[in-house]
Structure formats: C-alpha cells, structure tokens
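User: Hi! I am new to reading protein models. Could you walk me through this one?

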Amino acid sequence: MKHTLINSVEFKILLLGVLLAVLLLGYLGYCAFTDYKQAETLILVFGAHTFGGRAAGVGLCIFAGMGPALSIGYNFYIEVLIVCFTYAGFVLSTKSYLRVPWIMNAMDRLTEKALQHKDKIEPYGWIGIFLFVMAPLPVTGPVMGSIIGYMLRLGLVRNLSATLLGTLTAIGIWFYGFDFLNDRFQVIQYIFIAIVVIVVLPHLKKIKNFILYIKG
C-alpha cells in the first residue's frame, strides 16, 4: 500500500506543493536580505491571498506598486501551491491514504461545498470548470474547481488545465480591471482596503513574528 501511495500521481502533486513552498520560502528569505520592504509586502500578499482570496492578494500588489508580471505571477504561484496541497489532500483522503482527523474534516467541508455546485457545472465539462474558477464570486476559486473536476471524473490534465487557466485569467482580470474600475469608481479602492484589513488583521501578530524570524 505504501508503494502504491508513493507512486500515485496525487502523492507527486503533493511533493510538487512541498517543492513550491520551499522555493517560495527561499525567495522570501532572499528578498528579506536584498529588499526587506518587498519581502514584507510579499508576505502580506501571501497572507491576504491565502485567507481572503485572489482579490485581496492582487489588491495589495497594486497598492504596493508592483508591476503586472510580478503581481500576476506571484498570485498565480500562490494559487498553484495551494491547489497542489488541497487537491492532493482531497484525493488522498478520499482514497483513504490520509487518515489524519483534521485533514479529513477539512476535506469533508470542501466536499459539501463542491457538491452544491457539481450538478450545475457537470453539463459543461472543461469550460464549466474554467468559467466557474474564473468567476469573481465566493467559493469559486481553484481549490473548489479542482475538487469539482475530480468529482466529475475529468482527467487530471483537463481538470488542472481548466482550473489553472481559469485562475490565471481571473488574476489578470482583477489586476487590469482594478485600474479601470478605480478610475471610475473610487469606492473600489476602499473595498479592497477593507478586504485586506479584514483578512490580515487577525493574523498580523503571526505575520510580524514570521517577518522578524526571517530578518533575524
């Protein structure tokens, strides 16, 4: 059974997530020594993005004056990293390889949410997953999209290609659409600020401790 687990595609995706996490930590550590302000911003973006979604992460990048390549690329990188862990965790727990209680409870909650959207997306297949992930609505991110794709028995390549392309498109729309909307509706700026504050504030102490740990 151990041999089967180690050679499973999901286990390799999990290892890819670990690799991406290590590379991210290495990059943040490098930035902490070369450009501390940017490192601090990237950590805040990671926190905002992880707990508040792509809108909060992209909004922080824009407020920090980051260009499109770094803003879109960094947020997309975070999304890929998160998908690697959650998708692999979901499938491995479904196949009873992971029996850790807190992981199973988290995956059960994701399953319940995914089932609410599954029937609506099923008739549209790949394009349904793509549009679902791209939509700027609650619970329509790549984690939910990839899980629904698995439930619909889409092949791994079709599932992840729809999920990640939808994610990349959504991040690009958020980045370029922000300026368009901000020029016409100044209130959008305050909405983004509110999102960032709500997301970051509860975790501010942990974020500061992490920054101090990297710095010192």
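This is a predicted model: local features need pLDDT of at least 70, side-chain atom pairs count only at pLDDT 80 or more; totals for chains, interfaces and linings use all residues.

User: How far apart are the end C-alpha atoms of α2, and what span should its 26 residues have?

Analyst: Helix α2 covers residues 9-34. At 1.5 Å a residue, its 26 residues should span 38 Å. The model agrees with that, because the end C-alpha atoms of α2 are apart by 37 Å.

User: At roughly what angle do the axes of α2 and α5 cross?

Analyst: Two packed helices are described by the angle and the distance between their axes. Here the partner of α2 is helix α5, residues 68-94, and the two axes come within 8 Å. The crossing is left-handed, and its angle is roughly 145°.

User: How many nonpolar residues does the contact of α2 with α5 have?

Analyst: Sorting the contact residues by class gives one charged and one polar residue. The nonpolar count is 22.

User: Is Cys 31 buried or exposed?

Analyst: A residue counts as buried when its relative accessible area is under 20%. Cys 31 has a value of 3%, so its class is buried. The list of buried residues in α2 also includes Leu 24, Leu 28 and Gly 29. Cys 61, with 0%, is likewise buried.

User: How many disulfides are there?

Analyst: A disulfide needs a pair of cysteine sulfur atoms within 2.5 Å. By this rule, the count is zero.

User: What percentage of residues 12-30 is helix?

Analyst: The unreviewed UniProt entry annotates residues 12-30 as one of its transmembrane regions. The end C-alpha atoms of this span are 27 Å apart.

How values were computed:
Residues are numbered from 1 along each chain as its sequence is written. Side-chain values use heavy atoms; hydrogens and water are left out. Axes are lines fitted to C-alpha atoms, for helices over the stretch in contact, and angles run from 0 to 180 degrees between N-to-C directions. Helices (H or I, at least four residues) and strands (E, at least two) are DSSP runs, numbered from the N terminus. A crossing is left-handed if the near helix is turned anticlockwise from the far one by less than a right angle, and right-handed if clockwise. Ala, Val, Leu, Ile, Met, Phe, Trp, Tyr, Cys and Pro count as nonpolar, Asp, Glu, Lys and Arg as charged, and the others, Gly among them, as polar. Buried means under 20% relative accessible area, exposed over 50%, partly exposed in between (1.4 Å probe, protein chains only). UniProt positions are given in the numbering used here, feature names are shortened, and annotations may be inferred rather than shown by experiment. The expected span of a helix is 1.5 Å times one less than its number of residues.
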